Amino acid sequence: MNCVEQPAVSPVEPRWIRVARCESIPPREGRAALIDGREIAIFNLGDRFLALDNRCPHQSGPLCDGIVAGNAVVCPLHAWKVDLETGSVVRPVNENSCVRTYATRVEAGVISIEA
Amino acid sequence: MNTVKTRLVVIGNGMAGVACVEQILKHAPQFEITVFGDETHVNYNRILLSSVLAGERSADEITLNPLEWYQKNDIRLRLGVRVVDVNAELKTVTGDDGSVIEYDKLLLATGSSAFKPPIAGLEREGVFAFRTLDDTRQLLERARPGVKAVVIGGGLLGLEAARGLQVRGCQVTVVHLMATLMERQLDPDGGSYLAGKMEDLGVRVLVGRSTTAVVGNGHAEGVALEDGTILESDLVVLAAGIRPNVELAYKAGVRVNRGIVVNDWMETSDPDIFAVGECVEHRGVCYGLVAPLLEQGKVLAATITGHKGPVYTGTVQAAKLKIMGVDVFSAGDWSEQHAEPVRFEDRALGIYKKLTVRDGKLIGAILVGDTSDSHRYMDWLRSGTDLTPQRRHLLFPPPAADAGLDIAQMSEGATICGCVGVTKGAIISAIHDKGVNTLSQLKEATRASTGCGSCTGLCQEILRAVAPDFEEDGKKVLCGCVPFSQDNLREILRSQRLKSVQEVLEIYGNGLGCEVCKPALSYMLDMIWCGDHDEDRSARFINDRVHANIQKDGTFSVVPRIRGGVTSPDELRRIADVADKYHVPRVKITGSQRIDLLGIKKEDLPKVWADLGMSSGQAYTKGVRMVKTCVGTDFCRFGTQDSTSAGIEMERRFEHLYTPHKVKMGSVGCPRNCAEATVKDIGLVGQEGGWQVVVGGAAGKSVRKADLLITVETTESALEAAELFFQYYREHANYLERTYDFVERLGIDKVRKDTVYAPEPMRLALLDRLQKSKAASHDAWLEGQSPVNPTQFIPLRPIESVPS
């Protein structure tokens, strides 16, 4: 089942925000950034960066601190597994909650996210 | 009484010859046996050479009959001697060392050799066959990361060699003359599924391509194909089929066709000469697999010992590819002429199955991607079962409600291990009569699953269903990402000199990894290379990235090291100051005589550590926690030993090191055991005149009284015993296995033999590796001042400020 994207908290039009240089996030790790009052986790998957809210839908664990497993991250608190591309929960199965994701792009060595 | 024994000379010390001798010995000890082997090794399991190449087994592990076996059975073994002539009239054989010996009966078990296709330049250096242990050793010496290798031949052996070289880091291309890989075992569809799987593993596959030459200047530098392509290669492996070794049979004057011709009693055209194995041709067929050799050996043994009667009528050909993750099985006649094919395929899953049925009976099977039903099909093939009633369930048996049902349904006579020829009945009697409870005991008792190993799962199931105290052998795979047991992985990392988690995942796994395997591999690498590995923090749990214990709200707890629970007013003041300065929401005395500061933000960790000026207590990791001590002789009126100093010293020797799971220790000055040393992973229990060192205790999730490792007189000896056990546990326990499970799994007897009672060189080696690891370790909190990356502790601060 597809998870339902939560509506954005802020009614403002999304725009691109330059967050950090690529090298600030080591490969296969995540880091949190506070943007517009929301904590967003950005992951370096080697060939691309993926961003989503830094809150596990289970008990709000900091996803940025999880171990990356392929295209997913495993929450450090209770090992829920969240797909970084879609934000959907892959473990436990049949869990329909999901995490909001953000588009990312890299320009001149700087990661931007659309938030 | 006639005591003159019949002189039996066996030419060939391979699986067929020796298996046949084993059978002959069962019949009667009437022979004086001499075995010639041109290799310099005792008999080994040739079909497992590929697993030696792949690092899954050591050369020693594939030995079938050690030297003692030959001695015990009075067999004269002539290793490294090649027989160059047979004179059937004088009944003599001549060795290449000039020796001539007489025989009454001669057994030819000369096997086969690699077929040399008409390719120019095969004499160049760097071209190898893959038939013997020596070939394997030579390949192992040359196979290194980055070496380019071409395997000529995409049959069973070629593919297994290719995978073996590839896991050693070589870039491997398989060139196959035919359009289908393993075309003797697979149809074109099956071959294409297999090719896909090999490519997925990272082995390049070229089919329908003919090799014309190995080119190079003395040494192989490339392989030339008929279409003009040159494949760069430093190493060339020839695996283009085998040819029976028949030269000696020619010289002996017995009838030879493609192989040495034998009848159903395994007799050749000379009444005193017999032949067995890959060198023979029976009813027009030469076999190159193991099961026929053993069946032939049994018949031959009966014939040669004067019990002529049993006949060999041929073997249903069955083959299984032994590449982890690439399951291929083929048996019988799977061609679709005059048969009804039954198929299933799923490209996405990579599964292809085909059965051929004639007159309601199974005559052939091909399985790629899922071979779990191969035993059922083998059984149907051998028994000729009428399948009409279960025609709808040929490919997909209805799930059994009862897990033991499959086993219960199998007849007593059903063959479980096709290689060695062990039936279900034989396994069950071994379980009952010999008290077999584990797979390794079963192997020892019956030799089942010592051949290709493909019946291991089935043997386990029978053990599980029948053995009263069944135990797993601890060979469970680490996880789906790297499907090897931890024992196996440690061996692989060592032998392949792998130093980073990502490298291991790329070569042996799915390239991705997960939260289960990454920390386990991180531990193994750190332990094996004594800290001299490529540390990859992305493969560590967050606690080991920031050296603090993550709490439910995402904050961290900080526990400074207070060795032996002994602190000072100055330290306590600093702890109090930190608690004030950072508004620590809770300060708590732990159960381990330490102080826990809870609720600290990640970015404050470096400052907190600096202000504390104490080292990490490792309360967040699978590592050395602490030593709980009593006050010992310093103050206690009952104390017999200075347990406080001993405990502090033990903590100093082990601190900062990683362990398979947490290690909590205790040191007490008398048997009153006030610091509960007997329920710790390692405990020192002082007594009048010495110490007892105890290990494997627990008072957490499990409660277990520790086992006595040794009783010693001096504190230094006690510490050394603790060190031996500590390092032994680090090296042999599975990741996340506490000492209490570890000691129970191995038995304290074995632990003692391998540590405190081990020969001196072993003990010194354990201590030496511990010293090396210790020297490479450091207080993790030093990273507060020199982080491994700029954002180790701090969040990203957007370059662009966003107006809210």
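Ser522(B) is buried, with a relative accessible area of 3%. Buried means under 20% relative accessible area, exposed means over 50%, and partly exposed lies in between, for a 1.4 Å probe and protein chains only. The model is predicted, so local features need pLDDT of at least 70 and side-chain atom pairs count only at pLDDT 80 or more, while totals for chains, interfaces and linings use all residues. Residues are numbered from 1 along each chain as its sequence is written, chains are lettered from A and ligands numbered from 1 in the order in which they are written, and side-chain values use heavy atoms, with hydrogens and water left out.

Ser522(B) is found in helix H16 of chain B, residues 517–528. Helices (H or I, at least four residues) and strands (E, at least two) are DSSP runs, numbered from the N terminus. Setting aside neighbours within four places in sequence, Ser522(B) is in contact with Val501(B), Ala539(B) and Arg540(B). Contact means heavy atoms within 4.5 Å.

Rolling a probe the size of a water molecule over the atoms shows where empty space is left. A cavity is a set of points, on a 1 Å grid over the protein atoms alone, where a 1.4 Å probe fits but cannot get out; lining residues have an atom within 4 Å of a point. Grid points are joined across faces, edges and corners, and a volume is the space filled by probe spheres set on the points. The structure holds two cavities of 30 Å³ or more.

Ser522(B) lines the second largest cavity, together with Val501(B), Leu525(B), His533(B), Asp534(B), Glu535(B), Asp536(B) and Arg540(B). About 30 Å³ of space lies in this cavity. Its lining has two nonpolar, two polar and four charged residues. Here Ala, Val, Leu, Ile, Met, Phe, Trp, Tyr, Cys and Pro count as nonpolar, Asp, Glu, Lys and Arg as charged, and the others, Gly among them, as polar.

The largest cavity contains about 70 Å³ of space. Its lining has 13 residues, and Glu29(A), Arg31(A), Arg545(B), Val546(B) and Gln792(B) lie nearest its centre. Strand S2 (30–35) of chain A and helix H17 (542–546) of chain B each supply at least two lining residues. H17(B) gives the largest share, three residues. By class, the lining of the largest cavity has four nonpolar, three polar and six charged residues.

Next comes His547(B), in the loop between H17 and strand S30 (549–550) of chain B. Most residues other than glycine have a negative phi, and most peptide bonds are trans. His547(B) has a positive phi of about 55 degrees although it is not a glycine. At 2% relative accessibility, His547(B) counts as buried.

Phi of Ala79(A) is near 60 degrees, a positive value in a residue other than glycine. Ala79(A) lies in the loop between strand S6 (72–74) and strand S7 (81–83) of chain A. Its relative accessibility is 29%, so Ala79(A) counts as partly exposed. The peptide bond from Arg91(A) to Pro92(A) is cis, with omega near 0 degrees. Pro92(A) sits in the loop between strand S8 (89–91) and strand S9 (101–102) of chain A.

Chain A as a whole has zero helices and 11 strands. Of its 115 residues, 52% count as buried. Among contacts in chain A with a separation of 6 or more, 44% join residues 24 or more positions apart.

Back in chain B, look at the nonpolar cores. A nonpolar core is a set of buried Ala, Val, Leu, Ile, Met, Phe, Trp, Tyr and Cys residues joined through side-chain atoms within 4.5 Å. The largest has 75 residues, and those with the most contacts inside it are Ile11(B), Val86(B), Val93(B), Leu106(B) and Ile427(B). A second, separate core of 45 residues includes Phe128(B), Val172(B), Met182(B) and Ile366(B).

Asp379(B) is in helix H9 (residues 374–383) of chain B. Asp379(B) is partly exposed, with a relative accessible area of 26%. Beyond its neighbours within four places in sequence, Asp379(B) is in contact with Ala414(B) and Thr415(B). The C-alpha atoms of Asp379(B) and Ala414(B) are separated by 6.9 Å, though the two residues are 35 residues apart along the chain.

Conventions: 1 Å grid on protein atoms, 1.4 Å probe; cavity = no way out; pocket = protein on both sides within 12 Å on 5 of 7 lines; lining within 4 Å.
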